[in-house]
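Visitor: I would like to go through this model with you, one topic at a time. Shall we begin with how the strands pair?

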Amino acid sequence: MTELRSDFLKVFTERGYLHQCTDLDALDKAFAEGIVTAYIGFDCTAKSLHAGSLMQIMILRRLQQAGHKPIVLMGGGTTKVGDPTGRDESRPLITEEVISENMDGIKKVFEKFLTFGDGPTDAVMVNNADWLDDIKYIQFLRDYGPHFSINRMLSFDSVKLRLEREESMTFLEFNYMILQAYDFVELKKKYNCTLQCGGSDQWGNIVNGVELGRRTNGFSLFGLTSPLLTTASGAKMGKTAGGAVWLNEDMLSPYDYWQFWRNTEDADVGKFLRLFTEVPVAEIERLEKLDGAELNEAKKILADACTEMAHGKAAAEAAAETARQTFEMGQTAEGLPTLEIPRVELADGIPAFALFQKAGLCASSSEARKLIKGGGARMNDEKITDEKAVLTLDDLDSDGRIKLSAGKKRHYLIQPV
C-alpha cells in the first residue's frame, strides 16, 4: 500500500478503524480529490442503538469532519426481513408500527453525532423502505437474481455457520444479502453514494453490493470495514451483566453510561480513546503509559469524552461529580440513577433480588441471588446476607429512599412514589 493522501483515511487507519477495503488506493484517491458520499445501514430492532454500534457512528462522524457526506440508512425495509449475520436463529418478526417507533428512537442518537442539512457535506437520513416496500417481485428477480450465485451465497459466513450448526435459515433471511446489495445500488442512483462502510461481519454483503452495482450499471463502488470489537477479556462490546449499554438517555442514564466507560478494562483504555473520542493521538499515547491509580485518570477522561458526545457537557460533568461524591467522598449522591416503585408495593415487601433485577443491576433474578450469596450486594451501604431478604418501607433511609449497590461501582436508588 502506498502512503495515504486523504485526511479521512489517515485518521481512519491511525485510530484503528481499518480492517478491509475493496480498493484502498483508489478510494484514497477519491477522498483526496473530492467529496465522497458514504453510508452505513442500521436496522430498527430496538428503540435505541447501543455502544456496540458506536464505532460505526463514529466512522460517519469522522467522515463528515474530514469534509465528506454521510448517509445514515435506516432499515425500515430490511428490519422486516432480519439480518441473519452472526445469529444461530431467526430474529423475531416485528410489526411496522414497532419498526416506526424504534426508528424514531434511533434517530435521536444521530442528532448528537452528526450535522444534518442540505449542504454538500451535511448528513442525510434515508429509509430503505422507500424503495424496498414497492418492489415488484418477479421484475426484481429478473433484474437482479441472475447476478447472485446460490453456490457463492452458501459460502458466506452468515449462511455457512447456520448450516454447519444445523440451525434452520428461512428463505426470508436468505434474501437479506440481496436486499442489502440492492440498497447500495439505489443509494448510488439517488445520492451518488459510492462507499459502504460496516463491521467486518458485513464484508460479504458489502462486496455483493459493490459487484451488483458494477454488473448492472457499470458503477465504481467501494467497500470499507472496521474490525469487530470485543473487550480485552473477550466480552462483546456494548453488553454488560446489567444488559445493553444504550445510547439514548431514556434507556440508560448518563450516569450509568459514564460508569460503563469509567469501568473500562486497563488493556482497552488506549484503544477506546482512539475509537470513541476525539482526544489527540499524542495525548492518548501519553495516557497509555500510565498505570496503577494513575490509569484511573485516563479512564475518567474516556468516560467524560464519551458521555459529553452522547449526552452533552452538562450531563458528563454531573455524572463525573456524582461518581466523585459516591466513591471518593462516600456520600449518597443525588445524581445516582433512580427507579420509582409504587409505595404500596414496597409496603407489602419486595424480594431484594427482584429489586436488583428491576433496577438493571443484574440481568436476572438468579444472577441477583448469586450476587447476594457472594457478598456483593448492599442496601444503604450494608451487606445483604440473606438471598431471601425482603425490602419494605422500613428499609428507607433518612431521605426516604433505598440505595442498592452491586459491588463497589454500580449503584441505584429506589424511590417509593
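Visitor: In which sense do E9 and E15 pair, parallel or antiparallel?

Guide: In this predicted model, strand E9, residues 338–341, pairs with E15 in the parallel sense, and four bridges connect them.

Visitor: What holds paired strands together in general?

Guide: Strands of a sheet pair through backbone hydrogen bonds, in either a parallel or an antiparallel arrangement.

Visitor: What is the strand order of the sheet that contains E15?

Guide: The order is E9-E15-E14-E11-E12, an open sheet of five strands with mixed pairing. Its edges are E9 and strand E12, residues 382–383, each of which pairs on one side only.

Visitor: Is E15 mostly covered, or mostly exposed?

Guide: E15, which runs over residues 410–416, is mostly covered, with five of its seven residues buried.

Visitor: Now the six-stranded sheet. What is its order?

Guide: That open sheet has the order E1-E6-E5-E2-E3-E4, and its pairing is mixed. The edge strands here are E1, residues 20–21, and E4, residues 124–127; each pairs on one side only.

Visitor: How many bridges are there between E1 and E6?

Guide: There are two, and the pairing is antiparallel; E6 comprises residues 222–226. Cys21 has Leu224 in E6 as its bridge partner.

Visitor: On to the loops. Where is Gly117?

Guide: Gly117 is found in the loop between helix H4, residues 96–113, and strand E4. Leaving aside residues up to four places away in sequence, Gly117 touches Asp122, Ala123 and Val124.

Visitor: Why does Gly117 count as partly exposed?

Guide: The relative accessibility of Gly117 is 27%. Partly exposed means between the 20% limit for buried and the 50% limit for exposed, so Gly117 belongs to that class.

Visitor: Let us step back. How many helices and strands does the protein have?

Guide: The protein has 19 helices and 15 strands. Of its 417 residues, 50% are buried.

Visitor: What is the radius of gyration, and what would a compact globule have?

Guide: The protein has 24 Å; a compact globule of 417 residues would have a value near 22 Å, so the two agree. The C-alpha trace spans about 75 × 50 × 40 Å along the principal axes.

Visitor: Finally, the surface and the charges. What are the figures?

Guide: The accessible surface is about 19,600 Å², and carbon and sulfur atoms account for 48% of that. There are 49 positive and 62 negative side chains, and the centres of the two sets lie 2 Å apart.

How values were computed. Residues are numbered from 1 along each chain as its sequence is written. This is a predicted model: local features need pLDDT of at least 70, side-chain atom pairs count only at pLDDT 80 or more; totals for chains, interfaces and linings use all residues. Side-chain values use heavy atoms; hydrogens and water are left out. The radius of gyration is taken over C-alpha atoms; the globule rule is 2.2 Å times the number of residues to the power 0.38. Buried means under 20% relative accessible area, exposed over 50%, partly exposed in between (1.4 Å probe, protein chains only). Accessible areas come from the Shrake-Rupley method with a 1.4 Å probe; for residues, only the protein chains shown count as cover. Lys and Arg count as positive and Asp and Glu as negative; His and the chain ends are not counted. The place of a charge is taken as NZ of Lys, CZ of Arg, CG of Asp or CD of Glu. Two strands pair if DSSP finds at least two bridges between them. Contact means heavy atoms within 4.5 Å.
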